[in-house]
Amino acid sequence: MDHEFRLLIDGALVAGASSFDVINPALDAPFAQCPKADAAMLETAIAAAKRAFPAWAATPMAERGAKVEALAAALEARVSEFATLMTSEQGKPLDQAAKEVRGSVFVLRAFAAMRLEPKVLRDEGGNRITEHRTPLGVVAAITPWNYPLILLANKVGPALMAGNTMVCKPAPTTPLTTLLFGELCQAILPAGVVNILCDQNELGPALTTHPDIAKISFTGSTATGKKVLASSVDSLKRVTLELGGNDAAIVLDDVDAKYAAGKVFEGAMRNAGQICVAVKRAYVPDTMYDEFCDEMARLAREMVVDDGANQGAQIGPVQNKLQFDKVSALIEDSKARGTVIAGGEPLDRPGYFISPTIVRDIDDEAPLVREEQFGPVLPVMSYSDVDELIERVNGTDYGLGGTVWGKDLTRANQVAARVTSGTVWVNQLMAIDPRIPFRGLKQSGMGTEMGLEGLEEYTQPHVINAVALDAA
Ligand code: NAD
């Protein structure tokens with residue numbers, strides 16, 4: 001690839017201390033070089049962000065909003081360029097990559113329009129108490145490889161609107177869309193407000209323990225999230241963790257089996273199942289179990305699995321070799337514990353392709369049911385009693401999302417209310433909206449992203465309690 005990607009440090013696009021290959025997962029072959037930062041560059045970037053903080057924090061929120069809106073507009077003008085690059089490094093089909101880019105524009109715009117107003121807590125007898133929201137300082141934004149751009153936008157939007165400056169670090173297997181976004185930041189923002197560094201998993205601990213980082217906004221696996229939390233302790237950093245999930249789809253007995261199968265299938269297979277809130281296990285009434293499973297298997301066999309750059313591809317490769325091996329091992333294990341009714345094998349071609357896989361009659365203790373597979377394979381279980389079902393659904397360390405499908409909306413809402421996760425969607429899939437708070441319960445996370453509450457997490461409350469002298 002011709003484009004020379006560069007890091008963004010203190011307002012300058014710079015070469016790395018070294019570089020590494022970025023692999024196209026559809027080809028299992030490198031297609032570009034990524035600049036790699038070293039420890040000294042990390043120090044320079046954090047120092048630049050620290051220097052830029054006072055002026056950015058003092059910039060009126062409306063002006064910061066204009067800059068974030070300018071970022072959105074610049075991204076919107078280059079949707080197809082970003083989408084093509086994203087497909088090459090991430091693997092998702094081009095139309096889905098374009099959707100992610102447009103979604104990122106939407107996210108930035110939504111935050112650009114938000115305002116933090118002081119709250120009057122009391123105003124009586126000459127005593128006025130107001131709560132203000134002040135920025136924190138330098139935010140470290142660490143992102144994973146499944147949605148490299150929109151998950152970054154979820155952090156850049158609120159961090160900048162709140163008046164913070166940033167050091168961003170993408171995942172090593174999908175760094176390039178973030179670096180391209182860095183070019184927009186370089187053109188639009190004051191020097192040092194956003195810095196972007198790439199690594200091969202070496203810089204995380206130095207970034208998250210650094211005394212000049214005030215907050216860590218992390219999206220990734222639960223295992224890494226725990227390390228991030230541990231490394232925040234010394235300086236008591238603010239931490240937001242958006243981690244893994246094991247979302248259940250609950251199908252109630254008053255819906256059409258085929259309709260529900262179509263929805264659950266889409267929820268499980270979008271982005272090759274690599275979504276934190278993908279359907280990761282499905283529970284279906286035993287009365288419709290066979291019909292539901294047959295339809296799922298039919299849909300899996302019809303799915304066009306191909307290089308996302310090819311017209312008509314519906315599902316691309318798994319994003320990286322490590323994840324491909326993990327998903328392949330879960331499928332192998334499930335062959336002995338359940339019945340594979342579609343897929344079950346990698347495709348016989350270069351790249352990390354796994355054919356959409358459906359497993360039925362698998363026990364609740366199987367790793368495929370208990371763990372987060374994060375790939376194109378779904379276990380489907382049957383149930384006969386809703387109370388027992390809720391216990392099975394909630395019997396997990398995760399608590400991110402979930403879906404309930406039912407015609408009787410009152411009953412569907414009642415079932416949704418019993419699922420212990422941050423969000424439950426009723427009769428819809430992954431309706432994530434930057435204006436609505438999103439969070440994980442249990443080991444799916446800490447803190448809130450998105451919504452006004454998510455924006456407030458990039459600030460600290462500051463109470464001013466004043467009395468007039470003549471009332472004192
Ligand atoms: P990961 O935890 O392996 O990596 C995430 C990021 O952390 C990468 O940038 C990585 O380089 C960095 N990192 C690695 N070691 C680090 C350390 N010691 N300190 C600091 N940073 C470190 O996750 P992944 O495999 O890239 O992403 C997949 C996971 O992300 C899944 O579990 C998925 O459910 C989760 N996820 C959650 C959400 C959410 O909103 N809850 C959204 C998307 C993905």
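This is a predicted model: local features need pLDDT of at least 70, side-chain atom pairs count only at pLDDT 80 or more; totals for chains, interfaces and linings use all residues.
An oxygen atom of the ligand lies 3.2 Å from a polar backbone atom of Gly220, while a polar side-chain atom of Lys169 is found 2.9 Å from an oxygen atom of the ligand. In the side chain of Trp145, an N or O atom is likewise placed 2.9 Å from an oxygen atom of the ligand. Of the 860 Å² of accessible area that the ligand has on its own, the protein covers 89%.

The shell around the ligand consists of 27 residues, of which the closest are Asn201, Ser221, Thr224, Leu243 and Glu372. At least two residues of the shell are supplied by each of helix 7 (204–209), strand 10 (213–219) and helix 8 (222–231).

With regard to the overall location, the ligand takes up the space of the largest pocket. Because residues of the shell come both from domain 1 (7–243 + 444–464) and from domain 2 (248–426), the ligand lies between these two domains.

Conventions: Residues are numbered from 1 along each chain as its sequence is written. Side-chain values use heavy atoms; hydrogens and water are left out. A residue is near a molecule or strand if one of its heavy atoms lies within 4 Å of it. A polar contact is a pair of N or O atoms within 3.5 Å; within protein, one must be able to donate a hydrogen and the other to accept it, and residues adjacent in sequence count only if both atoms are side-chain atoms. Accessible areas come from the Shrake-Rupley method with a 1.4 Å probe; for residues, only the protein chains shown count as cover. On a 1 Å grid over the protein atoms alone, a cavity is a set of points where a 1.4 Å probe fits but cannot get out, and a pocket is an open set with protein on both sides within 12 Å along at least five of seven lines; lining residues have an atom within 4 Å of a point. A molecule sits in a cavity or pocket if more than half of its atoms lie within 2 Å of its grid points. Helices (H or I, at least four residues) and strands (E, at least two) are DSSP runs, numbered from the N terminus. Domain bounds come from an automatic or database domain assignment.
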